[in-house]
Amino acid sequence: MALHPDGRWLVVCNRYSNFASIIDTTSLVVVSRPFMDFYATEAVFAPDGGRLFVTNRWRDAVVVL
């Protein structure tokens, strides 16, 4: 899971699915399920919140969004 620096958005990697869940923390509603490769395992926002880094165990890679 990764919490955006402003505290509003929470990104949850669904490790064995091909999507992540983006949750609005003010309403606790899933607002988006963007496509991710299978085995996306960890996510972290850049300190300014402008980028999201997601690791992928299967590809042995980091994806920058």
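**Basis.** I note that this is a predicted model, in which local features need pLDDT of at least 70 and side-chain atom pairs count only at pLDDT 80 or more, while totals for chains, interfaces and linings use all residues. Residues are numbered from 1 along each chain as its sequence is written, and side-chain values use heavy atoms, with hydrogens and water left out.

I then turned to the strands, which are DSSP runs of E with at least two residues, numbered from the N terminus. An open sheet is formed by 4 strands in the order 1-2-3-4, with antiparallel pairing; two strands pair if DSSP finds at least two bridges between them. At the edges I found strand 1 (2-3) and strand 4, each of which pairs on one side only. Strand 2 and strand 3 run antiparallel and are joined by 5 bridges. Within this pairing I recorded W9 opposite D24 of strand 3.

**Strands 5 and 6.** Strand 5 is likewise joined to strand 6 (residues 52-56) by 5 bridges, and the two run antiparallel. F45 stands opposite L52 of strand 6. I noted that the two strands form a hairpin with 6 residues between them, and that G49 in the turn has a positive phi of about 80°. P47 is also in the loop between strand 5 and strand 6, and it is exposed, at a relative accessible area of 80%. From P47 to P5 I read 6.7 Å, C-alpha to C-alpha, although the two are 42 residues apart in sequence.

**Aromatic pair.** I searched for ring pairs of Phe, Tyr and Trp (its six-membered ring), whose centres must lie within 6.5 Å; planes under 30 degrees apart count as stacked, over 60 as edge-to-face and the rest as tilted. The structure holds 1 aromatic pair. The ring centres of Y16 and Y39 are 5.7 Å apart and the planes stand at 90°, so the pair is edge-to-face. Y16 is in the loop between strand 2 (9-13) and strand 3 (20-24), and Y39 in the loop between strand 4 (29-32) and strand 5 (40-45), so the pair ties together parts 23 residues apart in sequence. Y16 is exposed, with a relative accessible area of 62%.

**Positive phi.** Y39 also has a phi near 70°, a positive value in a residue other than glycine. I recorded a phi near 60° for L28, again positive and not in a glycine. L28 is in the loop between strand 3 and strand 4 and is exposed, at 69% relative accessible area.

**Salt bridges.** D24 meets R8 at 2.7 Å, N to O. This pair links distant parts of the chain, with D24 in strand 3 and R8 in the loop between strand 1 and strand 2, 16 residues apart. D24 is buried at 6% relative accessibility, whereas R8 is partly exposed at 35%. D37 forms the bridge with R59, the closest N and O atoms being 2.7 Å apart.

Definitions and conventions
Buried means under 20% relative accessible area, exposed over 50%, partly exposed in between (1.4 Å probe, protein chains only). A salt bridge is a side-chain nitrogen of Lys or Arg within 4 Å of a carboxyl oxygen of Asp or Glu.
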